[in-house]
Structures are given as C-alpha cells and as structure tokens.
Amino acid sequence: MWGNGSPQAFGASQSWFESRHPSHLTTMRRTDTVEEPSVRNVIILAAGEGKRMKSSVPKVLHPLLGRTLLGHVLAAAEPFLESGTVTVVVGHGGDQVREHLARVAPEAVPVTQTEQRGTGHAVRIALDASPELSGTVVVLNGDIPLLRAETLAALVHAHETAQASATVLTAEVDNPTGLGRIVRNAGGEFAAIVEERDATPEQRAVREINSGAYVFEAAALREMLGKLSTNNDQGEEYLTDVIGMLAAAGAPIVAHRAPDATETLGANDRAELAGLRALMRDRINDEWMKAGVAIIDPATTWIDVTVTLERDAVIEPNTHLRGATSIGEAAVIGPDTSLIDVVVGPGAAVVRTHAVSSEIGPQASVGPFAYLRPGSQLGRKSKVGTFVETKAATLGEGAKVPHLSYVGDATIGEHTNIGAATVFVNYDGVRKQRSVIGAHARTGADNMFVAPVHVGDGAYTAAGSVIVKDVPAGALGVSRATQRNIDGWVERKRAGTAAAEAAKVARAREENHAEAGQVAESSPRDEQ
Ligand code: UD1
Ligand code: CA
C-alpha cells in the first residue's frame with residue numbers, strides 16, 4: 001500500500017548533462033563525497049478536465065478496479081517516496097482531487113495550476129513550488145493507470161544508467177490516433193515528440209508513441225521549461241517540446257520502449273476507460289490464477305487490485321471482489337456474488353450473495369440470495385441461507401439462519417437454529433436496539449424478536465410467536481392466541497362465493513363419510 005513500499009535500489013549517478021553544462025554545477029554538485037542515493041522526485045499531472053468523459057468528476061478520479069486513475073499512478077510512483085517527494089498538479093475539480101489525495105496518499109503534495117495551459121506549464125508550476133528540487137525528476141500523466149511500478153523503475157534505471165537529460169517511455173502501438181509520435185532522425189536517434197495535430201502525414205504514420213511517462217534531470221528540465229513556446233495547434237506549453245529542445249541542444253535522450261504496450265494506454269472517454277478496465281481485469285485475474293486461485297470465467301470476474309486471495313479459492317462466474325476483501329484458502333465464491341470489504345475464511349461457500357463490510361468465518365455457508373450488510377460477523381461453520389438479510393449481526397459457531405429472515409442488531413449463540421421467516425425487530429421508529437439469542441436454542445418459524453429481548457441458552461420458542469419478553473434458558477416461549485374455529489362461518493357470511501361452494505361440497509362429503517361409516521359399523525364387510 002501507499003507509504004509501505006520500498007524503492008528499487010538504483011546506484012547514484014552524476015548526470016552527463018550536469019558535467020557538460022557548468023552553469024548547473026552550482027545547484028547540482030554534491031558538497032559531500034559520500035555516495036548517497038539520488039533524490040528522485042515525482043510530479044504527476046492531474047489538472048486536466050477530461051472533457052470527453054462528460055462527467056462532473058474529474059477524469060483522474062474515475063474508478064478502475066479498486067483505485068482511481070490517479071490512485072493507480074500514485075501506486076506506481078509510491079516506491080519513490082522513500083527518497084523524494086511526490087507532487088500532484090491539480091486544477092479541474094481541484095477540491096475533489098485534493099480531498100482524494102488526503103485520503104489515499106497523504107504524503108503527496110498538491111500544487112494548483114489555475115489555468116490549464118499545457119503539460120509543460122503544469123510541470124513548471126510544480127517546479128516553481130519546489131525551487132530546491134534537484135536530481136532525478138519523474139513526470140507522469142495522471143491518466144495512464146496501467147503503468148507498472150516495475151516498468152517505471154526500469155525507466156528510471158535506464159535514465160540514470162545512460163546519464164540522460166531526459167528519458168521518455170515509448171510504445172509501438174497498432175493505433176496511435178491522438179497520441180504524440182516519436183520522431184527519429186535519419187540515424188534512428190530520438191529527435192522530437194510531435195503531437196498528432198501538429199504532425200505531418202509522414203509523422204502521423206509513425207506508430208511509436210509517447211506514453212506520457214518521463215524522467216528528467218532537474219536542472220535540464222528547469223532550463224528548457226523556461227524556454228517553452230505556445231507555438232502549436234493548441235496554443236499550449238508542451239512538456240514534450242522540452243525533450244525535443246534538449247535533443248536539439250545535443251543532450252542525451254533515451255527513448256525507452258515499454259515491454260508491454262498496453263501499460264502506456266490512457267483513457268479519454270468512458271469507452272476507452274472500459275477498455276482499460278478489461279485489460280486491468282485480465283492482468284489481475286492472470287496473476288491470481290498463477291498464484292493458485294481457480295477463476296472459472298475470467299471474463300466476468302472483477303477483482304480489485306486491493307483484494308487478496310489464498311490458493312485453491314474458487315471464483316465462480318460473474319463475481320465482483322472489491323475493496324479490502326480477502327478470500328481464504330479453498331473458499332468458493334459465486335456465481336453472481338459481490339463482496340465489498342469482506343473477509344472470507346478458508347473453506348467458506350458464498351453463493352449469489354451481496355455482502356458489505358462483513359466477516360464470513362471458516363467453512364461458513366452463505367446464500368443463495370443473501371444480503372450481508374455492514375457489521376455481519378458469521379462464525380465458523382455458521383449459515384446464512386436463502387433470502388436472509390443481516391446487519392450488525394453476530395452468529396456463533398455453527399449457528400444457522402436458513403430461510404427468509406431479517407437479522408438486524410442481534411447476537412445468535414453457538415449452534416442455535418433460527419426458524420424460517422424470523423424478523424429481529426430492531427427498530428421502534430426512534431431507536432435501534434439489540435437482541436441476544438443464547439447457544440443451542442431452537443426458535444420457531446415466523447418469530448418476531450422485539451428488541452431488546454434475550455432468549456437463554458437451550459430455550460425454544462413456538463412458531464408464530466412475537467417475543468417481547470425474555471425467555472429464560474431451557475424455557476419454551478409461546479406468545480400467540482389459542483386457536484378457535486367458528487364452524488360454518490364461510491357458508492353463512494360469504495354465501496355464494498366459490499369458497500362457500502367448496503365448503504358446502506366438503507361438508508356434504510364429510511357427512512356422507514360419517515353416514516357410510518355408521519352403515520359400515522352396523523353391517524361389517526364380511527357379512528355383505
Ligand atoms: C499527452 C502528450 C502526448 C502523449 C499523451 C499520452 C503532451 C503535449 N502530449 O497528450 O504526447 O502521447 O499525453 O497519453 O504532453 N494536464 C495538466 N495540466 C495541463 C494539461 C494537462 O495537469 O495544463 C494533465 C492532464 O490532467 C493529464 C496529463 O496532463 O493527466 C496529460 O494531458 P492530456 O491533455 O491528456 O494530454 P494528451 O493530449 O493526452
Ligand atoms: Ca491524455
């Protein structure tokens with residue numbers, strides 16, 4: 001998680017550009033001779049609106065399997081926190097982005113770009129906010145969520161090994177539409193990045209694209225940012241021009257090819273975002289299958305990056321595992337199940353269930369068609385069956401609520417069975433209160449437990465009872481009127497209805513039976 005990661009160990013290096021450009025030496029030279037790890041600061045660009053998302057939520061805050069787009073980029077950058085800072089440039093929806101950062105990455109420093117005047121302008125604002133920032137600077141677009149931390153580490157390593165002024169992560173893609181093209185000179189060396197709208201037809205034919213992930217030597221970056229023009233189709237300051245200008249000045253540039261082009265994909269609209277989500281789903285599912293989890297239908301299994309699973313867990317089709325969910329060894333989940341922040345113990349079975357912020361104990365059984373609301377804690381080998389809803393409910397080991405019930409604000413003891421169609425009446429219209437059922441109790445079908453009520457260990461309750469008073473241990477609680485039957489009521493009060501007709505026929509039949517019985521009694525069969 002954010003804040004706990006450890007950085008890759010890179011050797012400290014002095015920049016080639018630094019040694020060739022003496023003007024930077026005053027700010028760049030280290031005063032001590034002891035080798036220290038280089039400082040690597042990260043700047044994430046997240047001020048854009050993302051117009052084509054057609055959303056009141058800024059693009060970087062759209063969700064993608066457990067994190068926002070920005071959250072994924074922050075996670076890739078997290079290892080760098082140990083030796084440097086992470087600055088996030090915010091603008092559109094700035095309050096929302098700041099609030100999100102405070103929650104998911106409190107160490108990250110937001111800097112506001114009031115007007116979105118381009119990616120170069122955004123980096124300049126970030127650097128102006130940290131005048132002392134030096135060393136290696138990683139710059140990441142906030143909308144490339146599939147970028148792996150290992151790829152970013154390799155990018156920084158390539159940059160530092162080559163002692164480059166700038167390093168750009170590129171990819172060869174089938175469809176480069178809308179992306180900046182990597183333009184190379186006759187010798188095949190990096191020359192510039194040209195945006196599609198500024199490109200010549202030959203440049204548009206290039207399929208090597210700029211991913212939006214870069215590494216810079218800080219002084220070189222700072223110097224060239226100061227020289228950016230807005231002489232392009234969008235009238236913006238392009239960060240990409242910094243690299244072209246450095247190349248033109250003879251500084252060493254590395255164009256580092258991503259091992260997997262899908263890592264560099266961005267999303268500009270909701271259809272593209274859905275495409276990224278499917279790629280991320282496949283990546284996550286592949287990793288879990290390699291780790292020993294059975295995923296029956298990977299195409300319909302959606303597991304957040306934050307979820308953990310143990311080996312031999314079985315995930316049946318159409319299952320969603322979200323947030324801080326963890327699945328124990330050999331548990332079977334699904335089909336048609338959503339678990340959000342749910343801890344499932346080993347060997348449990350959860351079928352066609354929706355569960356939120358709950359714990360399902362080892363070998364417990366849930367569903368089909370169960371709804372576990374927050375605070376449901378199901379003990380080992382307990383059961384929550386069909387059409388059962390629970391909330392703030394604790395079931396002891398082996399306790400069962402098999403059918404058609406609501407268990408709200410209740411504690412049910414070990415090995416107790418709750419009869420079908422029971423309601424824990426927890427709300428009196430003003431207050432919610434708890435009820436407690438002891439161990440080894442047997443409650444009847446169709447009971448109402450009007451809270452707060454306590455049923456003792458080993459007690460029984462009769463079917464159809466409304467239990468408003470405590471039932472002592474071992475007692476039978478009965479709370480219902482004694483039945484009486486008013487004979488002939490339907491024929492008298494509902495004459496002419498189908499029910500009255502049926503009653504009449506039945507009564508005639510009964511009378512015939514009675515007469516026949518008398519005849520039979522007076523003249524036994526063997527005498528006929
Ligand atoms: C950018 C690159 C392009 C590359 C592509 C990869 C430039 C000029 N172009 O284009 O070469 O192929 O990314 O996805 O950099 N942002 C700000 N402030 C601004 C403008 C943008 O913070 O003033 C942020 C956005 O929120 C976004 C990122 O910078 O996260 C990239 O901006 P975007 O407009 O998406 O650039 P692209 O047109 O995709
Ligand atoms: Ca983009």
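**Close-up views of annotated residues**

**View 1. The annotated active site, His-403.** In an unreviewed UniProt entry, the annotation "active site" covers His-403; UniProt positions follow the numbering used here, feature names are shortened, and annotations may be inferred rather than shown by experiment. This is a predicted model, in which local features need pLDDT of at least 70, side-chain atom pairs count only at pLDDT 80 or more, and totals for chains, interfaces and linings use all residues. Residues are numbered from 1 along each chain as its sequence is written, chains are lettered from A and ligands numbered from 1 in the order in which they are written, and side-chain values use heavy atoms, with hydrogens and water left out.

His-403 belongs to strand β26 (residues 400-412); strands (E, at least two residues) and helices (H or I, at least four) are DSSP runs, numbered from the N terminus. With a relative accessible area of 40%, His-403 is partly exposed, a class between buried (under 20%) and exposed (over 50%), for a 1.4 Å probe and protein chains only.

**View 2. Ala-463, one of the annotated binding-site positions.** The unreviewed UniProt entry places the feature "binding site" at positions including Ala-463 and Arg-480. Ala-463 sits in the loop between β31 (460-461) and β32 (466-467). Ala-463 counts as partly exposed because its relative accessibility is 38%.

View 3. Arg-480 lies in the loop between β33 (476-477) and α11 (489-493), and counts as exposed at 52% relative accessibility. Beyond four places in sequence, Arg-480 is in contact (heavy atoms within 4.5 Å) with Ala-462, Ala-463 and Gly-464. The Arg-480 side chain reaches the backbone oxygen of Ala-463 at 2.4 Å.

Notes: Polar contact = N/O pair within 3.5 Å; in protein donor to acceptor, adjacent residues only side chain to side chain.
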